[in-house]
Protein chains: 2
Amino acid sequence: MRAVPLTEVSVGDRIRLEVDGREYEGILMPRHRFGGKDIITLKLDNGYNIGIRVIKGKKAVLVKRGVEDERSVKAPKVDHKKPRISIIGTGGTIASFVEYTTGAVHPVETAAEVLYLNPDIADRCNPGVSILLNKLSEDMVPKDWVKIAEAVTAELNSGVEGVIIAHGTDTMGYTAAALSFLLDRVPKPVVIVGSQRSSDRPSSDAHLNLLAAIELVKANVSGVLVVMHEGMDDGRCSVHLGTRVRKMHTSRRDAFRSMNSPPVGWVDPLRKCVELKGLPEKQDGNATRIGDMEPRVALLYVNPALTEDDLLHAASKKGIVLAGTGLGHVNSELIPVIGDIVRQGVPVVMTSQCLYGTVNSHVYSNGRKLLEAGVIPCGDMLPETALVKLMWALTLGEDIRESMTTDMVGELGSRRVV
Amino acid sequence: MRAVPLTEVSVGDRIRLEVDGREYEGILMPRHRFGGKDIITLKLDNGYNIGIRVIKGKKAVLVKRGVEDERSVKAPKVDHKKPRISIIGTGGTIASFVEYTTGAVHPVETAAEVLYLNPDIADRCNPGVSILLNKLSEDMVPKDWVKIAEAVTAELNSGVEGVIIAHGTDTMGYTAAALSFLLDRVPKPVVIVGSQRSSDRPSSDAHLNLLAAIELVKANVSGVLVVMHEGMDDGRCSVHLGTRVRKMHTSRRDAFRSMNSPPVGWVDPLRKCVELKGLPEKQDGNATRIGDMEPRVALLYVNPALTEDDLLHAASKKGIVLAGTGLGHVNSELIPVIGDIVRQGVPVVMTSQCLYGTVNSHVYSNGRKLLEAGVIPCGDMLPETALVKLMWALTLGEDIRESMTTDMVGELGSRRVV
């Protein structure tokens, strides 16, 4: 095949070119608004997009004119017989472009861009894509959780098979916990999915995670779940309970872990296999929402430099979650002020900064004194989940101790916690 | 053999008795000051002490009169030809008794009690035991670290093979990091050891961990190290760098993990095997101490409920460590106030609450804006280690950014952090 200048190939054409000693073959994509003038985007056969910097006059082999490949670059055709799935974009890496000139990452802004990045979604379902928020997840605040919960309820009650929420990974665990509590009746799957590497990178997990979310929504399951890569390869994704999942690595694709309980299932997105353990089936009837989020709650990392003054500052809020040391301890000298705070009506709950294992206030005198001071021990609940649960429990008008020490959506192991 | 009433057996006798359908055989120990009147203590053959509740008139089989077993209950004979090792007690479970009547745990108060709990220490070395502090480790404060560092320096310079610090597990990681920075020249091993279960419980790891610490001190190695059980069985103990170790489980014996770098070695305490990787050998010359600890440093757990007001409260201290989300992020709306705090001269350093992986401020705009605001990224350093290092660096009178971004004792991986 003959090499032609890049000026002679068109969007949709399959081309092959060599850059810096590496050969790339794929379909030429439209120039993205963030792409520099010297950057072209190729969709590789593995589904990933890649940005390649080319010099003026660069030639490429034209493998095939892009007639049949139009689907790859335009909005995919929708098959209305396929299961109807809502995909709600909230921002984050899963719905981001790399700005190839600087390496910066920008969120998608339209539903069309989601399908542009993942055209084969339409092979598996009848997707209804909407962009609810456009935030990297570090910018999520508690009222965003309520907004997402409202959107999910509305979507579920429109009769879809389930809802997928594309979300940044930084605070995905917090949002998953928040939806677990805010959604009271969840008759269908609500699947939160993200990616650790953006869609435009060859190492991206965005595409496979999204396909895994689709397969999970099509399965006979309900509840708030997170699906993310299980390992370093392109194999299975793990399914996590929304209240048990934590980001345990800054960058690896297998960063998300179920804490203090095993994953509740696995999805092989390419083989379309789903394996689930002990989850409720899909049900009829409407989804409902309960409670709100009180944002004025402190999460304190207990450490040898924590002072009475730090606790008193936190006591100006409506509640305090301590990530205590070990089995759930603080410096004994801080216990009297914690007792004062509890007596003033500010609930103080105890989790462990160890993350694994359970708070047990009966082993050491420190724990027993904390119980006497009125601290509410939260067993094996994650500190982040306890934070979110306390924010929510404070809006229910019910007994906080009772709410925090009762398992509601799998957040708390069955062992004794009080 | 004939069963005799317990009133007819003496401390040091080997006896066998059945209680609640279980049979126990061991050497009768002196009644402990915390033991109830109806509790006897037996030293089992595996080295563990166990407390057994007996009713009045209970009989036991007298297996052997305690002539040759005196060593088990009295202070062991010291062999001055064996390597001289300092054991500094600071409190914690490793040096605790169970109060059998209530299940509560009390710290030992005398050197003799340490040897009483672990008589076979003297088989392996010539121990010099001293009780420096008597604190459960949740009560440790930064000035305790300085006190321990001073004691360690004095002991090392008295010519011992090395120093063992018996320490509670809750804040062992913090103390290990503190000693790593405070001890400038460490020509011999300084080994911190603890236990997750107290010495009097059959499941205790105290005895084997202590024997592992002794073998480690006898090895040709120097530096501040932590040695704790590797797994759930009675096999190997892992050796961790003092700046890399974190308690990752509230109660399991294998709770201690090297984070973002593998353990630096293993000890099989029963086989007396030590395997070490890449650590400096023992050296001649004195140990020296550098710097002090500034206690007024905040460690903030970044989360969706963190506010400007929380940051401003922390800014009243001398420095702030953020355990950011993901690659080291905070809500974008908080970045301006962080910039203000840095401009006021309060250093703000960034770590990740993921714990695994490294801060990278170049991937997302949030990270770049934090860099522009003057935040100091701390790579793959643990949040707790960054807290301790900042407390120490603030007392050096040197450039904080330079100190925090330069690896000194293995706390920082070699990847680019700024």
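Student: Which residues of helix α8 (residues 365-372) of chain A are buried?

Tutor: This is a predicted model, in which local features need pLDDT of at least 70 and side-chain atom pairs count only at pLDDT 80 or more, while totals for chains, interfaces and linings use all residues. Residues are numbered from 1 along each chain as its sequence is written, and chains are lettered from A and ligands numbered from 1 in the order in which they are written. Helices (H or I, at least four residues) and strands (E, at least two) are DSSP runs numbered from the N terminus, and a residue is buried if 20 or more other C-beta atoms lie within 10 Å of its own, exposed if 12 or fewer and partly exposed in between, with C-beta atoms placed from the backbone. By that criterion the buried residues of α8(A) are N366(A), G367(A) and L370(A).

Student: How much of an arc around the axis do these residues cover?

Tutor: The arc is that of the directions from the helix axis to the C-beta atoms. The three residues lie on the same side of α8(A), because the arc that they cover is only 100°.

Student: What is included in the cover over the buried residues of α8(A)?

Tutor: Contact here means that the C-beta atoms of two residues, placed from the backbone, lie within 7 Å. The cover includes one helix and one strand of chain A, namely α7 (335-343) and β23 (348-352).

Student: How many of the five residues of strand β4 (residues 39-43) of chain A are buried?

Tutor: Strand β3 (residues 22-28) of chain A pairs with β4(A) in the antiparallel sense over two bridges, pairing being assigned if DSSP finds at least two bridges between two strands, and L28(A) stands opposite L42(A) of β4(A). The strand β4(A) is largely enclosed by the rest of the structure, because the number of its five residues that are buried is four.

Student: How many C-beta neighbours does F256(A) have inside 10 Å?

Tutor: F256(A) belongs to strand β17 (residues 256-258) of chain A; leaving aside residues up to four places away in sequence, it touches V226(A), M228(A), H240(A), V245(A) and K247(A). G173(A), 83 residues away in sequence, is 8.7 Å from F256(A), C-alpha to C-alpha. F256(A) counts as buried because its C-beta neighbours inside 10 Å number 28.

Student: Which are the edge strands of the open sheet of eight strands in chain A?

Tutor: The strands of this open sheet follow the order β10-β7-β11-β13-β14-β15-β18-β19 (chain A), with mixed pairing. An edge strand pairs on one side only, which in chain A applies to β10 (126-131) and β19 (273-276).

Student: At about what angle to β11(A) does helix α3 (residues 142-156) of chain A run?

Tutor: Helix α3(A) packs on the sheet and touches β7 (84-89), β11 (162-166) and β13 (189-193) of chain A. Its direction makes an angle with that of β11(A) of about 150°.

Student: What rotation superposes chain B on chain A?

Tutor: Copies are superposed by least squares on the C-alpha atoms of residues with pLDDT of at least 70 in both. The superposition has an RMSD of 0.1 Å and a shift of 0.0 Å along the axis, with a rotation of 180°. That is the relation of a two-fold axis, so the answer is a two-fold rotation, that is, one of 180°.

Student: Which residue of chain B comes closest to the rotation axis?

Tutor: The copies meet through the same surface, because 100% of the interface residues of chain B are also interface residues in chain A. At 3.1 Å (C-alpha), the residue of chain B that comes closest to the axis is Y301(B).

Student: How many charged residues are on the side of chain B that touches chain A?

Tutor: In the interface, 50 residues of chain B are in contact with 50 residues of chain A, and the elements of chain B that give two or more residues to its side are β9 (104-107), β21 (297-301), α9 (365-372) and α10 (383-393). Ala, Val, Leu, Ile, Met, Phe, Trp, Tyr, Cys and Pro count as nonpolar, Asp, Glu, Lys and Arg as charged, and the others, Gly among them, as polar. On that basis the side of chain B divides into 26 nonpolar and 18 polar residues, with the charged ones numbering six.

Notes. Axes are lines fitted to C-alpha atoms, for helices over the stretch in contact, and angles run from 0 to 180 degrees between N-to-C directions.
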